[in-house]
Amino acid sequence: MPQQTQSAPEPALTASAVGALAADRAEAAEAARSLDPDVVRALLDAGFARHFVPVAHGGHAGGFGALTDAVTTIGASCPATAWCASIALSLSRMAGFLPEEGRGRIWQDGPDALVVGSVSPRGRALPADGGWQLTGTWPYVSAVEHSDWALVLGLAKTPDAPAERRIFAVPRSAYAIERTWSDIGMRASGSHTLTVDDLHVPAEMSFPVDDLMAGRPAVDGGAGAGGAAPGVPLAAVNGLFFCLPMLGAAEGALAHWSAYAQDRLRAERPGVPGPGRAFYEETLARAGGEIDAARLLLERIAAVADSGREITALETARAQRDCALVADLLVGSVDRLFRASGTAGHSESSPLQRLWRDVHSAAGHIVLQFGPNASAYAAQALPVGPA
């Protein structure tokens with residue numbers, strides 16, 4: 001098995017520089033509803049696109065544990081940039097499930113190709129000329145305006161078999177972009193709509209989505225080859241990519257609020273109306289504890305994914321539960337900080353209000369809803385069957 005390359009730095013080594021640049025460009029990026037091109041370049045230079053790319057294609061074939069500090073460091077400054085970093089990580093990992101020839105095309109110019117996409121079944125495909133004829137419209141594709149490739153999910157129909165869900169890899173020249181992103185949060189993520197119209201996709205640029213869901217890479221050395229965690233079901237790690245930017249935002253909110261609280265306590269005068277010291281102490285302790293608990297849960301998910309052993313159905317369901325719980329914890333902690341920040345924290349000039357909006361927007365993702373994840377966990381932890 002090829003050894004993991006050390007020729008390029010891990011993301012954590014340059015995440016602080018990316019975060020500083022993203023913070024500086026955040027206001028303009030929000031107005032443009034798209035990341036600044038210099039920020040995108042910095043993300044790629046820091047290795048976020050190549051982290052999961054197999055060694056054979058020039059990547060790191062890295063694991064999940066290294067991502068927590070890297071993504072959250074950026075998220076503390078600009079959650080939308082951290083979100084796009086997570087997308088680059090997640091989708092390049094998915095591209096590793098393509099057959100060998102397909103992977104070669106994705107990374108023919110190097111491992112830093114920016115792959116975006118959607119696993120919502122918004123497309124349809126029919127067999128044609130040794131491949132597929134694909135048409136579809138996929139909304140909410142983050143960083144799509146800066147992408148080189150997209151992975152999209154479509155229902156592939158053949159005359160003699162039920163429809164099969166497949167992932168299709170599409171080059172930037174073959175899809176159009178509609179600027180539809182209008183959310184109040186994560187504005188700079190540029191999560192616009194991608195459309196494909198009657199495109200021929202060769203067989204080597206597609207794979208069954210069941211392979212991704214089961215963590216079953218191509219037999220010729222795809223995802224996982226060269227050191228990355230093989231056999232990791234998507235559900236065991238999918239929420240991690242959405243929660244890490246939220247964790248960064250919450251840690252950033254805590255830092256901003258703590259500076260505000262210190263200023264308020266220094267200016268406190270006896271007999272002057274306002275919250276007392278106990279108010280700030282309790283806010284700090286509760287919000288900080290919730291954020292720390294969220295980090296510990298996400299670190300456990302990453303550790304299980306990196307364990308190298310088969311991940312059980314119960315562990316997968318627990319990871320889904322934990323990600324939904326983390327989303328609730330982080331929304332609650334940031335709400336607590338925002339409410340306790342006074343009028344100054346609600347000002348448009350304050351980064352705190354942007355972090356607050358971004359956390360709420362991220363928490364709306366379907367993967368992070370607690371009810372369905374609670375049911376999936378209970379089905380494994382409390383199975384109903386013969387005694």
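**Entry 1: overall shape**

I began by noting that the model is predicted. I then counted the elements and found 12 helices and seven strands. Next I looked up the radius of gyration, which is 22 Å. The globule rule gives 21 Å for 387 residues, so the protein is as compact as a globular protein of that length. I also looked up the box that the C-alpha atoms fill, and along the principal axes it is roughly 80 × 60 × 40 Å.

**Entry 2: the sheet**

In what order do the strands of the open sheet lie? I read the order as β5-β6-β2-β1-β3-β4-β7, seven strands with mixed pairing. I marked β5 (176-178) and β7 as the edge strands, since each pairs on one side only. From one strand to the next, the twist averages 25°. I then looked for a helix against the sheet and noted α4, which packs on it and touches β1, β3 and β7. The direction of α4 makes about 35° with that of β1.

**Entry 3: strand β4 and its partners**

I followed β4 (residues 161-171) on both of its sides. How many bridges join β3 to β4? I found nine, and the two strands run antiparallel. β3 covers residues 149-158, and a hairpin of two residues leads from β3 to β4. I checked two facing positions in this pair. Threonine 158 stands opposite alanine 161, and leucine 151 stands opposite alanine 169.

On the other pairing, β4 meets β7 (residues 206-208) through three bridges, again antiparallel.

**Entry 4: the largest pocket**

The largest pocket has a volume of about 1000 Å³. Which of its 45 lining residues are the closest to its centre? I listed Ser120, Phe242, His365, Ile366 and Val367. The elements that give two or more residues to this lining include two strands, β1 (115-128) and β2 (131-141). The helices that do so are α4 (79-95), α7 (234-266), α9 (313-339), α11 (351-363) and α12 (370-381). I noted that α7 gives the most, with nine residues. Sorted by class, the lining has 27 nonpolar, 15 polar and three charged residues.

**Entry 5: the second largest pocket**

The second largest pocket holds about 330 Å³ of space. Of the 15 residues that line it, I listed Glu27, Glu30, Glu348, Gln353 and Arg357 as the closest to its centre. Two helices, α1 (15-32) and α11, are the elements that give two or more residues to this lining. α1 gives the most, with five residues. I sorted this lining as well: four residues are nonpolar, five polar and six charged.

**Entry 6: cross-check**

I went back over elements that turned up in separate entries.

Note on methods. Residues numbered from 1 in each chain as written. Predicted model: local features only at pLDDT ≥ 70, side-chain atom pairs only at ≥ 80, totals over all residues. Heavy atoms only, no water. 1 Å grid on protein atoms, 1.4 Å probe; cavity = no way out; pocket = protein on both sides within 12 Å on 5 of 7 lines; lining within 4 Å. Points joined across faces, edges and corners; volume = space filled by probe spheres on them. Helix = DSSP H or I, 4+ residues; strand = E, 2+ residues; numbered from the N terminus. Nonpolar A, V, L, I, M, F, W, Y, C, P; charged D, E, K, R; others polar. Pairing = 2+ DSSP bridges. Axes fitted to C-alpha atoms, helices over the stretch in contact; angles between N-to-C directions. Contact = heavy atoms within 4.5 Å. Rg over C-alpha atoms; globule rule 2.2 N^0.38 Å.
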